[in-house]
Structure formats: structure tokens, C-alpha cells
Amino acid sequence: MLKHEYTKVNGIRLHYVTAGSGRLILFVHGFPEFWYAWRNQLAEFRRDHEAVAPDMRGYNLSSKPTDVDQYQIKILVEDLRQLGGHLGHKKFTLVGHDWGGGIAWAFALSHPDYLEKLIVINAPHPAVFERELRENPAQQKASEYMLMFQRPGEAERTLSANNYAFLIETVLSEGLKQGYFTEEDRRAYLEAWSQPGALTGGLNYYRAAHLGPPAGKGEPASGNFLPGLSDLTVKVPTLVIWGEKDPYLLTGNLEGLDRFVPNLTIRRIPDGSHWVVHEKPTLVNVYIRDFIKGKQ
């Protein structure tokens, strides 16, 4: 039974979905998703955990501040820290995908004492992403969309045109063809994207972080979304799951990762894309469960 709840954290109202009881496992979505991205994981991990998936600030039914600065990584990390406290857990397992994975990396670097384990799915470590955007032309090209996403107005118009055709094509179309997304799923995503301010809220993650390849000749790339932290070594046991056919975040982001994550397990999924959570939910769940149980 999924329960929809709201709580005040860090000056905003956060909507989250919770199921089950036990140790907390917190699932954090990326762009352009919402709590629903984790429905298969909530169904699985509710059996022996308190499984929780929030709508991050800016998305769906959570608050959507209008100031871009309200989407800085440190603020998003604090949202999660306070949500964990509200749920009554001193330590928990954190799972993040895409931007949720970026926030999960940042959380682990900022608050290692709060985490039992860290699980990141197709989201780059800030130091490695900085290198890839600076040195890898293929990753630079794959990340060009980030520059468009940062253009106020233009990004919103492009993504919402023809009833969100761009987002449907990007996120849902392949799954609708193959059957791992249903018409019900499509309606749920359209409803979330249509919430007033939700599209801008999600895009503000890119705008606040100023991430992307060089925008012009002589301009630097920016991949380190935690420039204020001098030590980017992750001190908690970490599992990275990576769909190798991700067209946005290439497998170069796995190279040299162990220099920054000493206690690292990597699970590659050769036929998985950026949306591997949806494509291979059973396999993703097995990898997560094995890692939690210590079967590395």
C-alpha cells in the first residue's frame, strides 16, 4: 500500500510516497521524472524496508521556488537530510538516478555519517564528470543538451511543445513500444509535467549548477557540481549501476572512479540505457538487494 504524505523541510513543502517498514531506503529521481519513477523499487523494497520516494523540490506535487538559487546542490542535499530526520531515521540507504544520483553523490560527500550505503544509477561523480567534460569530445557532444536546458524560456517552449512531445520521445517512447511503459504511465508523466511550474523547476537544477560542455570557443567546461568541496572522496560503501547504452552519460564516467570511491562496486548493464531503472527493474532490484545484503 503506497501512502502519499507531505512534510515541511528546509522551508518548502515536500510530497513523498512511502511503503513498508524497517530500515529506511530513500529513492531520489532525476530529470524529468518524479516519485513514480521508483514504483517498481517501492513495490520490491517495501517487503523489508521503509521505502520512500519524494518528489524533489521543483517537481510534481512538491514546492517549486521561483528563484534559481533555491536549486543549488547544497540546498537539495539539505532537503534530503531533513526528510530523513522527519522520517525518524539517523542512517539510511540512499539510491539516486540522473540528477537524483548527482544529489546522492553530494549527500555522501557532505554527510557520510548519515548513510549506511550509497547506490547511484547512471549519474557521474563530480570529479570524473569534470574530467570527461573537459577532455572527452564524445561526452562534450553528449552533454550539449545541458546548454539548451539552461536557456530561460527556450527550454520550456522546446520541451512542452505539442503536449510534451520532446519529453515523451526522450523518456517514454521506447518503453511504450516495448511494453515496459503503459498508457497509464504516460498519463501519469504528462500529469506531473503539466503541474504549474514543474518544467521550470526541473530545468532550474541545470541552471543553478551551470553544468555543461564548453559553451563557446575558449569557455571552460563545467562538470564539477560541488566546487566548494576540497575532498571529493566518498567514504561510504557505494554501488554504481550503469546502463552502458546511455546516450547522455557515457561509460567514460566509470573510468578512474575508484580513485574517488575506495569502497566501490560497479554493475554494468550492457543493453541498458539511461532509463535502465525502467528497462530492467528486476535486475536493478537484484543488484540493489545483493549490495545491501553484502553480496558484492
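Helices here are DSSP runs of H or I with at least four residues, numbered from the N terminus. This is a predicted model, so local features need pLDDT of at least 70 and side-chain atom pairs count only at pLDDT 80 or more, while totals for chains, interfaces and linings use all residues. Residues are numbered from 1 along each chain as its sequence is written, and side-chain values use heavy atoms, with hydrogens and water left out.

Back to the helix pair. α7 covers residues 154-178 and α9 residues 198-209; they pack at an angle of about 135°, with axes 11 Å apart. The axes are lines fitted to C-alpha atoms over the stretch in contact, and the angle, on a scale from 0 to 180 degrees, is taken between N-to-C directions. α7 and α9 are therefore oblique to each other; under 35 degrees would count as roughly parallel, over 145 as roughly antiparallel, 65 to 115 as roughly perpendicular, and oblique is the rest.

Which residues of α7 meet α9? From α7 they are Ala155, Glu156, Leu159, Ser160, Tyr164 and Leu167, and they meet Leu199, Thr200, Leu203 and Arg207 in α9. Contact means heavy atoms within 4.5 Å. This contact divides into six nonpolar, two polar and two charged residues. Nonpolar covers Ala, Val, Leu, Ile, Met, Phe, Trp, Tyr, Cys and Pro; charged covers Asp, Glu, Lys and Arg; the others, Gly among them, are polar.

On a 1 Å grid over the protein atoms alone, a cavity is a set of points where a 1.4 Å probe fits but cannot get out; a pocket is an open set with protein on both sides within 12 Å along at least five of seven lines, and lining residues have an atom within 4 Å of a point. Points are joined across faces, edges and corners, and a volume is the space filled by probe spheres set on them.

The largest pocket has a volume of about 230 Å³. Its lining includes Gln72, Ile73, Lys74, His210 and Phe225. Two or more lining residues come from each of α2 (73-86) and α9. By class, seven are nonpolar, four polar and one charged.

The second largest pocket holds about 170 Å³. Of its 13 lining residues, Phe31, Tyr145, Phe149, Thr170 and Tyr248 lie nearest its centre. α7 gives the most to this lining, with four residues.

How many cavities of 30 Å³ or more does a search of the whole structure find? It finds three. The largest cavity contains about 140 Å³ of space, and residues lining it include Asp98, Trp99, Tyr206 and Leu249. α3 (99-110) and α6 each give two or more residues to that lining, which has nine nonpolar, one polar and one charged residues.

The second largest cavity comes to about 80 Å³. Among its lining residues are Phe31, Glu33, Tyr59, Trp193 and Leu199. α8 (183-193) and α9 each supply two or more, and α9 gives the most, with three. The classes are eight nonpolar, two polar and one charged.
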